[in-house]
Amino acid sequence: MSGLNRSFNLLRSVMRHQITPKANISAKPAKHVLSAGEQIFVMMTMFVTILGPSGWILANLEEYKKRPGAAE
């Protein structure tokens with residue numbers, strides 16, 4: 001049991017000296033407020049960029065299952 005206590009003490013001494021960085025959190029309002037049109041444009045761009053390729057693959061899944069050169 002004393003070996004376990006020594007290992008915990010060693011771990012505790014190592015963790016005591018680590019420096020934790022602070023996050024850059026600002027309570028100020030945004031410098032440039034986005035209009036509704038800009039927000040819609042960004043949301044649609046993200047939607048198409050992220051979900052477009054996965055939707056294409058799911059829509060053409062049967063084509064991807066076929067092996068090239070396999071007899072039908």
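Student: What makes the meeting of the side chains of Lys66 and Glu63 a salt bridge?

Tutor: A salt bridge here is a side-chain nitrogen of Lys or Arg within 4 Å of a carboxyl oxygen of Asp or Glu. The N to O distance between Lys66 and Glu63 is 3.8 Å, so the pair meets that definition. This is a predicted model, in which local features need pLDDT of at least 70 and side-chain atom pairs count only at pLDDT 80 or more, while totals for chains, interfaces and linings use all residues. Residues are numbered from 1 along each chain as its sequence is written, and side-chain values use heavy atoms, with hydrogens and water left out.

Student: Why does Lys66 count as partly exposed?

Tutor: Buried means under 20% relative accessible area, exposed over 50%, and partly exposed in between (1.4 Å probe, protein chains only). Lys66 has 48% relative accessibility, so it counts as partly exposed.

Student: How many salt bridges does a search of the whole structure find?

Tutor: The search finds two. Besides Lys66 and Glu63, the side chains of Lys65 and Glu62 meet at 3.5 Å, N to O. Both Lys65 and Glu62 are exposed. They lie in helix α3 (residues 61–65), three residues apart, about one turn of the helix.

Student: What makes a run of residues a helix?

Tutor: Helices are DSSP runs of H or I with at least four residues, and strands are runs of E with at least two, numbered from the N terminus. The protein chain has three helices and zero strands.

Student: How do you know which helix has the highest confidence?

Tutor: Confidence is given by pLDDT, the predictor's score for each residue, from 0 to 100. Helix α2 is highest at 95, and helix α1 (residues 2–16) is lowest at a mean of 73. The protein chain averages 82.

Student: Why is Phe41 called exposed?

Tutor: Phe41 has 59% relative accessibility, so it counts as exposed. Phe41 lies in helix α2 (residues 36–59). Buried residues make up 0% of the 72 residues in the protein chain.

Student: What is the nonpolar surface patch made by?

Tutor: Its residues include Ile40, Phe41, Val42 and Leu51, and the patch covers about 940 Å². Patches take residues with over 30% relative accessible area and no salt bridge; nonpolar side chains (Val, Leu, Ile, Met, Phe, Trp, Tyr) are joined within 5 Å, like charges within 9 Å. Areas come from the Shrake-Rupley method with a 1.4 Å probe; for residues, only the protein chains shown count as cover.
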